[in-house]
Amino acid sequence: MGVFTKEAEVSTPLPPAKAFKAFAVDIENLMPKVAPQTVKSVEVLEGNGGPGTIRKITFAEGHGLSHAKHKVDVLDKDNLVYAYTVMESDFFNKKIEKISYDIKFVAAADGGSTVKVAATFYTAGDTEVTPDLMAQIKEASEKRALVMKAIESYVLANPDA
């Protein structure tokens, strides 16, 4: 098994607490509402939203994937830290064992937030990290970013959401 981490920082005009609520706490309700062309449903299979919760995301037809299962590892409302592991997905295609995301929401000078994301990929067996695998990961990351942008737009348009 190989392990590699990709780090990114993303800016959002949402203040940290609002961004945390939207992208970590309310994600299961917001994804299918704001991006039905991508996410058909999010079902809680186990837990109450906190650590240990397992969610199944069913993607819309034509998205290229059918599902993914996530396990919440950390949901720290005081420090605005959210960590989860994607433990099952047809994206993996026997090349990836799991992906762990560690996300921290930090106040930005403009009143918005900087979202710091570290995604750690664990390859399956002796899978090598090839340019093709990196291209697949980049494409999946871009699709994920579009859903996050849709959530951001929805929260900005609906401040009480």
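User: Which strands and helices do the buried residues of helix 3 pack against?
Analyst: This is a predicted model, in which local features need pLDDT of at least 70 and side-chain atom pairs count only at pLDDT 80 or more, while totals for chains, interfaces and linings use all residues. Residues are numbered from 1 along each chain as its sequence is written, and side-chain values use heavy atoms, with hydrogens and water left out. Helices (H or I, at least four residues) and strands (E, at least two) are DSSP runs numbered from the N terminus, and contact means heavy atoms within 4.5 Å. On these terms, the buried residues of helix 3 pack against strand 1 (3–12), helix 1 (16–25), helix 2 (27–34), strand 6 (96–107) and strand 7 (113–123).

User: Which residues of helix 3 are buried?
Analyst: A residue is buried under 20% relative accessible area, exposed over 50% and partly exposed in between, with a 1.4 Å probe and protein chains only. In helix 3, the residues that count as buried are Leu 133, Ile 137, Val 147, Met 148, Ile 151, Glu 152 and Val 155.

User: How many Å does helix 3 reach from its first C-alpha to its last?
Analyst: The expected span of a helix is 1.5 Å times one less than its number of residues. Helix 3 covers residues 131–157, a run of 27 residues, for which 39 Å is expected. The reach in the model is close to that expectation, at 39 Å.

User: In what order do the elements of the protein chain run?
Analyst: The protein chain holds three helices and seven strands. Read from the N terminus on, these elements run β-α-α-β-β-β-β-β-β-α.

User: What is the radius of gyration of the protein chain?
Analyst: The radius of gyration is taken over C-alpha atoms, and the globule rule is 2.2 Å times the number of residues to the power 0.38. Along its principal axes, the C-alpha trace spans about 45 × 30 × 30 Å. A compact globule of 161 residues would have a radius near 15 Å, and the protein chain agrees with this, having 15 Å.

User: Is Gly 2 buried or partly exposed, and with what relative accessible area?
Analyst: Gly 2 lies in the segment before strand 1. Leaving aside neighbours within four places in sequence, Gly 2 is in contact with Phe 121, Tyr 122, Thr 123 and Gly 125. Gly 2 is partly exposed, because its relative accessible area is 22%.

User: Which residues is Gly 111 in contact with, leaving aside its neighbours within four places in sequence?
Analyst: Gly 111 sits in the loop between strand 6 and strand 7, where it is partly exposed, with a relative accessible area of 41%. Beyond the neighbours set aside, its contacts are Pro 13, Leu 14, Pro 15 and Pro 16.
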